[in-house]
Each structure stands twice: as C-alpha cells, then as structure tokens.
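I opened the notebook to record, entry by entry, what I looked up in this structure. The sequence and the model come first, and my notes follow.

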Amino acid sequence: MARCYYCSSEAVVAQCSGYEADCGRFYCATHAVRGLCQECGMEKLHAKARELILEDYLAKAKEIHKQDTKKWLRFYSGCIFIFLPWILFLQLLNNTFGKRNEYGEISAPPGVIILAIISIGLLIYFAWKPRVWRKRAIAQVEFTRPGFKEFVRQNEHEIGTPLPKKITNVAVWAVFGIILLAVMALGESASESQPDRDIRDIKNRLGM
Ligand SMILES: [Zn+2]
Ligand SMILES: [Zn+2]
C-alpha cells in the first residue's frame, strides 16, 4: 500500500505529477495542494504569485514611463517653441544694442549677458526636473514594491527606453552613419586607378 510521503498515512489520494519537474510522490488529502503534493503545489502557488507580482511591477513601471515621456516631450517642445525664439530675440537685442568696435565685432550689453545666463540656468533646471521626478516616482513605488528600482533597470526593453536615451541613441547612429558615408566617399576617390585618372585628365584637356 502506498503511503503519503509527508505523513506516512495510508489514505493516499493520488500520486503527484510534479510541477515543472517529475515528482511521483504519493500524498494524502491533508498534503494535497492544487492537485499536487504539498511541495509541488506550494511551488506552483509561489510561481503564480511571482507572475502576478511581475505583472503588477511591469504595469506600474509602464505608468511611470508614460508620465516620464510626457514630461520630456514638454521639455523638448519648450526648447523648440520658447527657448529657440528667445535665443534669437536675445541675438536681435545684442545686435541692436551691442557696441561695435572698429573690426565690426559686437560686445554684448550686460543686460543681454545676464538674460542669456538666466536662460541657460532655466534650461538646465527644466532638463533636470524630469530626471528628478522619475527618480522620486521610482523611489516612491519602492516603498510598497521592494526591488522595483532594480526591476525597472533590468526590464527597460519591455518598459520602454527613456526619451532622452532614445534621442541620444538616434543621434549616435546618425553620427556613425555620417562617418561611414564619409569613409566610403574617401575610399571611392582613393580607389580610382592611375589609368582611370589618366583617361579623365585627357578627357578634361579635350573638353569632353
Ligand atoms: Zn499526508
Ligand atoms: Zn510533488
């Protein structure tokens, strides 16, 4: 007669089919969990709980990412629609009120210099704000969801890349592409052989 693996009772109800691994233990009604033996059943429960926790973390991280992207978009559109015209306006002020020396160089009026410094300070402040917001939001969630910060760090591909990083990535690829094109163009002009060059010279001389 088969006995329960956990209590040696002979009132066995089933043999465990195992959770993600073979088991084969017999178990009684007291040691049955979710249609498996106690150990395998608990493992199954924990795995389910882990899955739910990860789903919850991911949802929270995506929510933060969405807000973060919104903040960055606001910053970048602010740069284009407010900061850029403002800089052009300062340039205009500078050209209008700056003193020209004998070489035509303009020395900026102190007012314009002060405004420019304040503008750059504000720009840095507004670029810094979304970073602080994101950090704080993640730290806040960490209180109720331990390891959330680490989770965000490790699952960026699923949550979404922060907008500044995305822009930097595109910029890096663009620079890489330009360098590649330049190298190819150089290679092309260097690969022209001597006879080719001679023919071209003759053609040039003949006006062809
Ligand atoms: Zn038992
Ligand atoms: Zn089992």
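Predicted model: local features only at pLDDT ≥ 70, side-chain atom pairs only at ≥ 80, totals over all residues.

Residues are numbered from 1 along each chain as its sequence is written, and chains are lettered from A and ligands numbered from 1 in the order in which they are written.

**Cores**

I then looked for nonpolar cores, that is, sets of buried Ala, Val, Leu, Ile, Met, Phe, Trp, Tyr and Cys residues joined through C-beta atoms within 7 Å. A residue is buried if 20 or more other C-beta atoms lie within 10 Å of its own, exposed if 12 or fewer, and partly exposed in between, with C-beta atoms placed from the backbone. The largest nonpolar core has 9 residues, which I list as Cys4, Cys16, Tyr19, Phe26, Tyr27, Cys28, Leu36, Cys37 and Cys40. To this core β2 and β4 (36-37) each supply at least two residues, and β2 gives the most, with 3; strands here are DSSP runs of E of at least two residues and helices runs of H or I of at least four, numbered from the N terminus. A second, separate core has 5 residues, including Ala61, Phe148, Phe151 and Ile159.

**Positive phi**

I next checked backbone angles, and in Ser8, which is not a glycine, phi is positive, near 65 degrees. Ser8 sits in the segment before β1 (12-15), and Ser8 is exposed because 8 other C-beta atoms lie within 10 Å. Glu20, also a residue other than glycine, has a positive phi near 60 degrees. I placed Glu20 in the loop between β1 and β2 (26-28), and with 9 other C-beta atoms within 10 Å Glu20 is exposed.

**Distances**

The domain assignment, automatic or taken from a database, gives domain 1 (12-160) and domain 2 (163-208). I noted that the C-alpha centres of domain 1 and domain 2 lie 41 Å apart. Gly147 is found in the loop between α2 (110-144) and α3 (148-154), and Gly147 counts as exposed because it has 11 C-beta neighbours inside 10 Å.
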